[in-house]
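I opened this entry to record what I looked up, item by item. The sequence and structure come before my notes.

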Amino acid sequence: ISGLVFFPDNFSPESVNDTAKETCLNWFFKIASIRELIPRFYVEAAILKCNKFLSKTGISECLPRLTSMIRGIGDPLVAVYARAYLCRVGMEVAPQLKESLNKNFFDFLLTFKQIHGDTVQNQLVVQCVEIPLYLTLYSPAIDWILQCIAYHAPDVLLTEMMERCKKLGNNALLLNSVMSAFRAEFIAARSMDFIAMIKECDESGFPKHLLFRSLGLNLALADPPENDRLQILNEAWKVITKLKNPQDYINCAEVWVEYTCRHFTKREVNTVLADVIKHMTPDRAFEDAYPQLQSIIQKVITYIYDFALLFSVEKFLPFLDMFQKESVRVEVCKCIMESFIKHQQESTKDPVILNALLHICKTMHDSVNALTLEDEKRMLATLINGFIKMVSFGRDFEQQLSFYVEARSMFCNLEPVLVQLIHSVNQLAMETRRVMKGNHSRKTAAFVRACVAFCFITIPSLSSIFTRLNLYLHSGQVALANQCLSQADAFFKAAVSLVPEVPKMISVDGKMRPSDAFLLEFLCNFFSTLLVVPDHPEQGVLFLVRGLLNVIQDYTWEDNSDDKVRIYTNVLHLLSAMTQEAFIYHVDKVDSNDTLYGGDSKFLAEINKLSETVVSQILDHLKTLGKEETLKRQSQLAHYFFNTILAHGDLRNNRLNQLSVNLWNLAQKHGFADTKTMVKTLEYIKRRSKQPEMSHFTDLALRLPLQSRT
């Protein structure tokens, strides 16, 4: 009932009318008529808050009376839960009345001896309940009472509570509750006192290892005096190491590992790990303790995150060997790698770290199978890539490449790792070029070729076709930058031969999407590279461009797609750039076609011939868009092609000039052209006409009418 009663802050009994007071008083009279003690106690405690209807001091008067009523309950277990409930109600309705909390606890201490009295012992015999199990039933109630007392309590009161517990015999149960309820700082500051009390406890009643576990939990949260730390560990471990039951042992050892890692060196940590291995290996006891063993690993890597120091702990790797169940082993390996990536600030070449982490990453990699989820694969690959990025042998490039080769053989089932290795090897080749600048020895050239070969061999093993295309292009660019011209040609040829295999639909973030836009983006990047790629002396003029154009021509495009024309338009950008006497960019120490041909008329004639073929293809496509439902696409493409000629063509050529006029008219013919865009384009042409040697733009502007849609 009291749970439904809500009082405003300014509430007082005077604001309650007489009828309500009389009704409330009637409730309490009815409760008082209940003969049985326990029901009467619980019902009155439940509506204790309703005393506010009657008087301001009603609650403060009832709490001591209810506390005294509990003394009449003969069963100590029933009585302690009654006290716990009264403390709960008291904290809810009158948290400032601490005295009733203390009184409840002191009354419990007076009756504590009943637990070991004949009456209780005889009942336990009849019910076949062992005393250690029976005592654990008291813990929740005592813990709650003590937590209520300890809430914002001064140290003086807590000390008094502890001293009273000391005076009782067989006080292990109380001691455990004190350590569970009191502030960790209070316990840690008196650690040696608690150890002395634990040693005096009777082992048969409440196991000492549980007491040491409770003490260890406090010391994980607060530090004991520095001078006592080693003695505390020695005293605790003397008890822990003697435990025969593996489950009891690991539950206790798990807690004290954190204390050891916080306050001691790797020698002490190694000793503790060795002891855990010794206790958990017989009869494969570790199989029933994986959560605790995982917790130990987590605590060790939390405090020892210098991995050179961690792997110098002799028993760390043997400790990992206890994780025989694959799923658990992989989780532990993931935790270790996450810690490494988080805390490793500098790259490393330490052989101890590398060998250990390669083994750990190999364990993660080998867990991948056909049933592994993509998210899990992605997470594992991210962790392995994080490790690979942190490995550096400085200027020992050959050793670095050897590491990448070994990593490729170990992690071949995770595609993102192979991609990372290819990028890393390309970066290594460029770094070699930078460091060895001006020193083009045979050894350096051979090393770069080895890097290039690594990439060329690895790329075909990837499943994503666009990943392969982009890596062929990137690796070819790296080979070109290192003057490995034949290798660069091999990469570019591989990319050209792969284009016909591009499917119409590809998976992007788990959804099927058309591939045209991705192919267009790749080809535009490819064209930008082909500008600086010199022709092979045995392959003919522009052999790569011709090969790519043949592939584009034969590729089956979607009927409603204009990407083929957009690609041809970008080819015209490339061919236009190739006609310049000096290309707009170059690769250092690589002679491009502008140097090789030197503006030769035959070379320019070949470019013009190719350009005419491409233009013819574009115009043929525009003719196919003459149907009513495709007129808008025709208008857009005509204007797009017009802008290409405007930017890259020589409009002094009469044929080209006339073609541009025809495209302008076609763009506006059916009323689909954007008037604002057309106006801005014409204004641009007029501005260009005012520049030196651009007078032909004036004539062009006069031939470009603006058509109204009306």
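Predicted model: local features only at pLDDT ≥ 70, side-chain atom pairs only at ≥ 80, totals over all residues.

**Salt bridges and a helix**

I started in helix α5, where Lys-103 and Asp-107 both lie, 4 residues apart, about one turn of the helix. I recalled that an α-helix has 3.6 residues a turn, so residues three or four places apart point the same way.

I looked up the contact between the two side chains. Lys-103 and Asp-107 form a salt bridge, with the closest N and O atoms 3.8 Å apart. I noted the general point that side chains of opposite charge can pair when their charged atoms come close.

Is Asp-107 buried or exposed? I found a relative accessibility of 4% for Asp-107, and because the cut-off for buried is under 20%, Asp-107 counts as buried. Lys-103 is partly exposed, with a relative accessible area of 36%.

**Helix α4**

Arg-83 took me to α4, as it is among the buried residues of that helix. I checked the length of α4, which covers residues 76-93. With 18 residues at 1.5 Å a residue, α4 should span 26 Å, and its end C-alpha atoms are 26 Å apart, so the two values agree.

What caps the N-terminal end of α4? I found Asp-75 there, with a side-chain oxygen 2.9 Å from the backbone nitrogen of Leu-77.

I listed some buried residues of α4, including Pro-76, Leu-77, Ala-79, Val-80, Leu-86 and Val-93. Against which helices do the buried residues of α4 pack? My list reads α2 (37-46), α3 (58-69), α5 (98-111), α6 (118-127), α7 (131-136) and α8 (139-150).

**Cavities**

A search of the whole structure gives 3 cavities of 30 Å³ or more. The largest cavity has a volume of about 70 Å³.

Which residues line the largest cavity? I noted several, among them Ile-70, Arg-71, Ile-73, Phe-108, Thr-111 and Gln-114. Arg-83 is also one of the lining residues. Both α4 and α5 supply at least two residues each, and α4 gives the most, with 4 residues.

**Salt bridges elsewhere**

How many salt bridges does a search of the whole structure find? I recorded 23 salt bridges. I looked at two of them further along the chain.

Asp-562 and Arg-633 meet through their side chains in a salt bridge, 2.7 Å from N to O. This pair links distant parts of the chain, 71 residues apart: Asp-562 is in the loop between α29 (543-554) and α30, and Arg-633 is in helix α33 (residues 631-648). Asp-562 is buried, with a relative accessible area of 11%, and Arg-633 counts as buried at 18% relative accessibility.

Asp-588 and Arg-433 form a salt bridge too, at 3.7 Å from N to O. Again the pair links distant parts of the chain, here 155 residues apart, with Asp-588 in the loop between α30 (563-578) and α31 (593-597) and Arg-433 in helix α24 (residues 415-435). Asp-588 is partly exposed at 39% relative accessible area, and Arg-433 is partly exposed at 25%.

I ended at Tyr-684, in helix α35 (residues 675-689). Tyr-684 is partly exposed, with a relative accessible area of 33%. Tyr-684 and Ala-701 are 17 residues apart in sequence, and their C-alpha atoms are 9.6 Å apart in space.

Key. Residues numbered from 1 in each chain as written. Heavy atoms only, no water. Expected span 1.5 Å × (residues − 1). Buried < 20%, exposed > 50% of the residue type's maximum accessible area, 1.4 Å probe, protein only. Contact = heavy atoms within 4.5 Å. Polar contact = N/O pair within 3.5 Å; in protein donor to acceptor, adjacent residues only side chain to side chain. Salt bridge = Lys/Arg side-chain N within 4 Å of Asp/Glu carboxyl O. 1 Å grid on protein atoms, 1.4 Å probe; cavity = no way out; pocket = protein on both sides within 12 Å on 5 of 7 lines; lining within 4 Å. Points joined across faces, edges and corners; volume = space filled by probe spheres on them.
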